[in-house]
Structure formats: structure tokens, C-alpha cells
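Here's a quick briefing to read with the model open beside you.

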Amino acid sequence: MTEKKPHGLARGAANYGDPEFALYLRRSFASSMGYSRAMMEKPVVGIADTASDYNNCHRTVPELVEAVKRGVLAAGGLPLAFPTVSLCEPSLTPTSMHYRNLMALDTEAMLSAQPMDAAVLVGGCDKTVPAQLMAAASADVPSVMLVTGPMLAQRFEGERLSACTDCRRYWARYRAGDVSEQRIGEIEGKLATTAGTCGVMGTASTMACLAATLGFMPLMAASAPAVHADRLRMAEEAGTLAVRLITHPVKPSEIITEASVENALRVLLSLGGSTNALIHLTAIAGRAGVKIDLKRLDALSEETPVLVDLKPTGEGYMEDFHAAGGLVALLRELRDLLHLEAKDLYGRTLGEQLDAAPPFVDRTYIRARATPVSPVGGLVSLFGSLAPDGAILKRSAATESLFETEARCVVFDGLADLANRIDDDALDVTKDDILILKNAGPLTPAGMPEAGYLPIPKKLARAGVKDMVRMSDCRMSGTAFGTIVLHISPEAAAGGPLALVESGDRVRLSVKERRLDLLVEESELARRRAAWRKPAAPKRGWDKLMHEQVLQAPEGVDMAFLRPEGV
């Protein structure tokens, strides 16, 4: 007879040389929390609680946790919430990306070390969801993803506003002198007026859609607004599903597969989604031993249309996407391009989920394949002498007339240099130049911030310039727009060719040829390479560990020691 494995509070007890005493001690201390012996015998669902007074996106987490607990209790389990690192982009220095791997490490450790049979991961703000899914993949604990959901757009003086595409749009107008200081102050209080993540197809919303596509939550749970009652019902369902996973286990390693990851890439492209999501998906997949090839991404992009008409590339908001049929409607349009055998946490295939879903779709926001927003995907990968390992351009948010550009470049050596010179009227720059920011990648103290959306120099903005080609080794917000080349790899701080670029050099961008080239003689580059010096490393703490272990953008900016061997 097979020995029954320990469950609930009996799982993973500390080893004092007397296993029965360890469990006795654990129950004794659990009793002090007011739990009865009957409750302590039940299977346990751990709930990763990311509520934080620093995290506006997670304002509703406490009530979501309570709803999850209802679902767990109703299904016969014992819910135990536990805190983890919480990440909010505006609240962290140098950037939330610098701490994504710390949150993943923290969450993985707590999933593995604490007694639980399954987990519900409550997240939302754009780095929290990938951190939690990376952790789940590494711990391989059956886990349900529950996102906080997007905020609602606010109607204000004849237009709708929501963070953060509209933040950037108004700030660009303010820099250009088109909006007064009084007006920008008024707008500031109208951009984020409800709980939830950014109300556009930024990184948070993109990651929610990818998490659902991978199978970690029901498809419509990707887009329900944060303040909608459905969000609480979805939280309750997450708790019930987590208990089901105890008797019908489906581990992250079973749903993060080559097929589900390719489906997620298709969705990313069709959404016109965030460039950040590519880094995050690469990191999540890498934890499960699945590699993402930028050249494969490019091939998929050529046959996957953009069908979702939301900001920053279109006009709608996430509440419109949800009401239009949401992710279900989008996947139905993409059906013939998808791996329909991929399964979710219920064990249902993607094909079965689509067959069972209502057929409704609002074509205002989710286009038919015959009338796409764009006939090709939102992202393209670039390679060349400036980016030997690749770079990314969000062509769905770019200006097509700039896709084929050869021009002089104006180079900024880090964020301080950018801040000091970008608005100097003496800056030698024209609208036809290429702006380049270097030394802002994952190896730098800047921590790969969302600084790739370089501001248009004020003197050009005042003259009416709306877009320029901009390039960097960092990222940009999923809510941003423009002809912006990102994630140039290897980064400058790693000694990549970007480190050698100087103002006045000529650079060639060709979206058609997928090329990004530095047009400087090799002899001159050799001279510069010989003079280049590796930047100083941090001395201690998380900064030091990140610097020693962090990988480049094509590997998801994960840490080498956290990935499976051979990936």
C-alpha cells in the first residue's frame, strides 16, 4: 500500500530529529491563531498577499484576499495568506525592474518553504505578475494567478483619460508649451481615479492577458476592471480552483510549454502589447526550460495581425476591451494560428475553452482578421552591428515614415547626462537625428529603467516635432509610443557595440531588413574598444548580487543562478 503523502500543515515540517514533535509544535503555534484542530487537518491554500501602502495598483488586494479565502473555505480548504515583496513602478528607485527578480526569489522561497498544497498569487502592477509566475515555475507548486485588474477611464471635459498613455501625451504637450502649468496640474488629478493597474494595454494589462493565455487563470479574468464586482467573484473562483488543484494537480511545469508560450507570443503581437512583456515572458518561460528566440518572434510577427484597438496604439481602454469580448474574443479570431491543445489549470484545452465561450465580439475594439488594425504584429526584432544579440521595436506604436532611417546620432551617456542636456537650447540636434541613450541597461545602477522613451528635446517639441528615432539598452513603459528601439544587446555596460557609439556617428535603422547598424569603420571601433573601461561594480547587497548574476534582455533579464541548467 502506497504511503499517503503529508498535506496541509503536515507538509515540510522543520527537522528537529523528531518529525512528530515538529508537527506537534507547528499545530501548537497554529492554535494560538485561533484555528481548531478540524481546520488544521484541512488542505492548505497559501495566498501571496502583495498589498502595500506604496502600491496604488494593489489598493484592492485586501478585499481580493478575503474573496479568495471565501472560495477556499467553501471548497473545504484552509486559506493562509502571507506577505511578499510588492512592486510599484512609481514608488521604487532606481526602478521596479531592478527588484522583479528579488520578488520572484522571495515568492519562490515562501511557496517552497511554507506548508501549502496549492497557492493563489495576487498581483497586478506590471512587474509583480511576472515575478510571481517566475516563482511558481521554479517552485512548481500548483498556482492560480489572480490579477487586480485595470482602472477605469475618467471622463473629464469632453475626453476620457487613464494612466498612463494620457499622462505621457499631456506631459509631451506641456513640454512643447501647448499645455499650461495650471492645466497640467488639473490633469494630474484626473489620470488615475479608481483602483487598479493602468487602464490601457500597457505592461500590466498585457501580462494579465499572457498569464491567462498560458493557462494560469480563466480567460475573462485578464480584463475585468478592478472595481467591477466580477473581479471579486473571480477571486472567489481562484480560491475554489486552488482547492481543486490539490486533488487534481496541474503544476506550472505542465502548462508552461513550447505550445502555450508560442500562443502567448501570438497574443502579445496581436494585442500590440508592451515590449516589457517580451522580457517577462522570456523569463517565465526560461524558468520552465522553454527558450524564446527573437528570430522566431519575428517570423510570428509577420503572420500575426494586430487586432486590438486600444491605447497606446489605438483609441480604446481596457474596460472597452473587456466589454468587447476580451481575451476570449481575441483568441477566437486567432484560432487557426494557435496551439489549441494547450491546457489550463482546469485541464481544459484552449480549443475547449473557446468552444464553450459566448460568441459575442464588439468590432470597434477587437477587429476581424479581414480588417485588422495592422496586418502584421506589433513587435519586430532587429539585429546588426549595433545589436549583435538583438533589439526590439514596437512598430505598432511607431511612425512608419521613420522605419527606414540612416542619420547622425546624438548620444547621451547615462540618465544624468540625458537629464542635463536634453533640453539645453545649445544641444546640437535636429528632427532628423537619432537620439541614443547608453549605459542604462540591467548591469548598470539605473537597473534598466523605462527611460527608452527619451523626451523630444524641448526646442524641437516647441517647433512641433512629435516623434524621432530613439534607441537605448533600457526599456520603455508599455503605455508609451514612438519610434523607439529598445533592449539593445549586449548592453553598453557589458561592452557591447553600443558602448562605442559617439555623437556624430551614423546609424542605420531598417525595419524592412530587420537591421540596426553602426556605420563606423572597424579600425575606429577597435581604437575605441581598446580605450573602453568596464564600469565599477556595486559593493554590497542586492545591487551586487544582481550585477554578478543578471542576464541580458534576450534571456529575460533573469539571474543566471535562478534558471535551470542548460537554459
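Pro-312 sits in the loop between helix 13 (294-303) and helix 14 (318-323); helices here are DSSP runs of H or I with at least four residues, strands are runs of E with at least two, and both are numbered from the N terminus. A cis peptide bond joins Lys-311 to Pro-312, with omega at about 15 degrees. Keep in mind that this is a predicted model, where local features need pLDDT of at least 70, side-chain atom pairs count only at pLDDT 80 or more, and totals for chains, interfaces and linings use all residues. Residues are numbered from 1 along each chain as its sequence is written, and side-chain values use heavy atoms, with hydrogens and water left out.

- Cys-164 is found in the loop between strand 6 (159-161) and helix 6 (165-175).
- Asn-439 is not a glycine, yet has a positive phi of about 60 degrees. Look for Asn-439 in the loop between strand 10 (434-438) and helix 18 (458-461).
- Asn-439 is partly exposed, at 23% relative accessible area. The cut-offs: buried is under 20% relative accessible area, exposed is over 50%, and partly exposed is in between (1.4 Å probe, protein chains only).
- Met-448 lies in the loop between strand 10 and helix 18 and has a positive phi of about 55 degrees, although it is not a glycine. Met-448 is buried, with a relative accessible area of 1%.

**Nonpolar cores**

- The largest nonpolar core has 134 residues. Such a core is a set of buried Ala, Val, Leu, Ile, Met, Phe, Trp, Tyr and Cys residues joined through side-chain atoms within 4.5 Å.
- Leu-111, Val-120, Met-145, Met-217, Phe-321, Leu-327 and Phe-412 touch the most other members of this largest core.
- Helix 5 (residues 128-139) gives the most to this core, with eight residues.
- Apart from this core lies another, of 29 residues, among them Phe-403, Ile-436, Met-471 and Leu-498.
- Leaving out residues up to four places away in sequence, Phe-412 touches a list including Leu-418, Arg-421, Leu-435 and Leu-454; contact means heavy atoms within 4.5 Å.

**Helix 9**

- Does the length of helix 9 (residues 229-247) agree or disagree with what its 19 residues should span? At 1.5 Å a residue they should span 27 Å, and the end C-alpha atoms are 29 Å apart, which agrees. The expected span is 1.5 Å times one less than the number of residues.
- Among the buried residues of helix 9 are Arg-231, Met-234, Gly-239 and Leu-245.
- The cover over those buried residues includes strand 1 (44-49), helix 3 (61-74), strand 3 (118-123) and strand 4 (143-147).

**Aromatic rings**

- The whole structure has four aromatic pairs. Rings of Phe, Tyr and Trp (its six-membered ring) pair if their centres lie within 6.5 Å; planes under 30 degrees apart are stacked, over 60 edge-to-face, and the rest tilted.
- Tyr-16 and Phe-21 make an edge-to-face pair, at 6.0 Å centre to centre and 70 degrees between the planes.
- Phe-21 and Tyr-24 have ring centres 6.5 Å apart and planes at 35 degrees, so this pair is tilted. They are three residues apart in helix 1 (residues 19-31), separated by about one helical turn.
- Tyr-16, Phe-21 and Tyr-24 form one aromatic cluster. Tyr-16 is exposed at 51%, Phe-21 is partly exposed at 37%, and Tyr-24 is exposed at 52% relative accessible area.

- Cys-57 is buried, with a relative accessible area of 8%.
- Cys-409 is in no disulfide either, and the nearest cysteine sulfur, that of Cys-474, is 16 Å away. Cys-409 is buried, at 0% relative accessible area.

**His-98**

- His-98 lies in helix 4 (residues 97-113) and is buried, with a relative accessible area of 5%.
- Not counting residues up to four places away in sequence, His-98 touches Gly-447, Trp-542, Asp-543 and Met-546.

Technical notes: A disulfide is a pair of cysteine sulfur atoms within 2.5 Å.
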